[in-house]
Amino acid sequence: MNKEMAETLVRTGPCTPMGNLMRRYWAPIMLSGEVATPDGPPVRAHILGEKLIAFRNSDGKVGLVDEFCSHRGASLYFGRNEENGIRCAYHGLKFAIDGQCVDVPSAPQACKHMGIKGYPCIERAGMVWAYMGPKGKQPPPPAVEWCDLPPSHVFVSKRLQECNYLQAMEGGIDTSHVSYVHRFEVDEDPMHQGTRANEYIKADGNVIFEIESAPFGLTLYGRRNGDPDSYYWRVTQWLFPWFTLIPPFGDHPLGGHVWVPIDDHHCWAWSINFRPDRPLSEEERCHMQEGKGIHCPYVPGTFRPLANKDNDYLIDRRAQQEKRAYSGVFGIAMQDASLQESMGPIQDHAKEKLLPTDRAIVMARRMLYETALAMQDGAEPPALNAGAQRVRAAGMLLNRDVKPQEWAKIHLTGGLDQPVYSI
């Protein structure tokens, strides 16, 4: 990847090509529980290089506004959330959830000139989402499968990842690494254990990809040897601009991620497990709350993983030697994050030497880059129609003469009306 393309892809602040692209979609900002109470404490929200404040007003609606008062720049984090607005503690200016100034005690006539930036918010899947793009371009609400399920069917967590979103998201696109970094964990992890998929993944690390462009992004068909007369296929999707779906394991819940830039050196890694057909069991939910599967335990009182770069991710070299943890790091989420963060805050893409298994990453980079540039000439980004997001990952055994694309036309077309395919 040349320097100009790399710089374009990793910079997501205001007025950057990638920042403009990402602002055309609904962005997950925080868990609804972080602003659970009307007139409760405001919460800082740093997203896409912007410092913002979220709060739930007296009517129960969530607002997302500029952190700083328009008068003298004091932080509204120290403001008073009351009577359907947030009031600056310095001189009493008050702002509604859309950023409109509704009170200037010392000069009421100045209200119309004192507004601040405010973004519309909605709530889906226990998450607050905001649209941060130009007015008049707001797309329909997100429609990935887990957004429209009952709360009892979904578990969502987020964790701080201390690197650029691109190298984090590319781990979600690249499923070939599962045969290596996760190969010992999957046998013990309660969200993956006891499945035939594990046997095939561990037995064949030479995954071969067939990739299709789609209206929503990419579909990846990853082939490994299955039984003597079959291949094991994992069907993964990457959806514009930051969603990845995870092929299921046996009868365990389905999963997915959203990779949202905080700034150019940090991102939120959102992790979602869900059941389309029934509520999550008490045991499943308990495992997720404990940080199993794609989730993780935290430093108390934060969303920073307990295993982090300051403690070398609690690496256990004995466990590595004894084949209990392939990299010596425990926890599926942190096995990935530790390696992605090890690349540095922003990976030096000029030094990488890519392999055939990286073809989907190359295609995703190219699609993001070309879309961001085309938008500068007035083009519209893809997958704004939320119906394009209604797709599902799959895992299946197919006879060696069966093309997975042909199978998918029958068994995955129609999206969420089909059964879950998993082994």
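In the protein chain, 61% of the contacts with a separation of 6 or more are between residues 24 or more positions apart. The model is predicted. The chain holds 10 helices and 19 strands. Its radius of gyration is 22 Å, close to the 22 Å that the globule rule gives for 423 residues, so the chain is as compact as a globular protein of that length.

**Overall dimensions and surface**

- Taken along the principal axes, the box filled by the C-alpha atoms of the protein chain is roughly 80 × 50 × 45 Å.
- Of the 423 residues in the chain, 57% are buried.

**Charge**

- The side chains of the protein chain include 45 positive and 51 negative ones.

**Ser 176**

- Ser 176 sits in the loop that runs between α3 (165–173) and α4 (185–188).
- Its relative accessibility is 11%, and because buried means under 20%, Ser 176 counts as buried.
- Leaving aside residues up to four places away in sequence, Ser 176 touches Val 207, Phe 209, Arg 224 and Thr 357.

**Backbone exceptions**

- Most residues other than glycine have a negative phi, and most peptide bonds are trans.
- The peptide bond that joins Phe 240 and Pro 241 is cis, with an omega of about -15 degrees.
- Pro 241 belongs to the loop between β15 (230–239) and β16 (243–246).
- Leu 314 is not a glycine, yet its phi is positive, at about 55 degrees.
- The position of Leu 314 is in the loop between α6 (282–289) and α7 (317–321).
- Lys 323 is likewise not a glycine and has a positive phi, of about 60 degrees.
- Lys 323 is placed in the loop between α7 and α8 (332–342).
- With a relative accessible area of 59%, Lys 323 is over the 50% cut-off and is therefore exposed.

Terms used. Residues are numbered from 1 along each chain as its sequence is written. This is a predicted model: local features need pLDDT of at least 70, side-chain atom pairs count only at pLDDT 80 or more; totals for chains, interfaces and linings use all residues. Side-chain values use heavy atoms; hydrogens and water are left out. Helices (H or I, at least four residues) and strands (E, at least two) are DSSP runs, numbered from the N terminus. Buried means under 20% relative accessible area, exposed over 50%, partly exposed in between (1.4 Å probe, protein chains only). Contact means heavy atoms within 4.5 Å. The radius of gyration is taken over C-alpha atoms; the globule rule is 2.2 Å times the number of residues to the power 0.38. Lys and Arg count as positive and Asp and Glu as negative; His and the chain ends are not counted. The place of a charge is taken as NZ of Lys, CZ of Arg, CG of Asp or CD of Glu.
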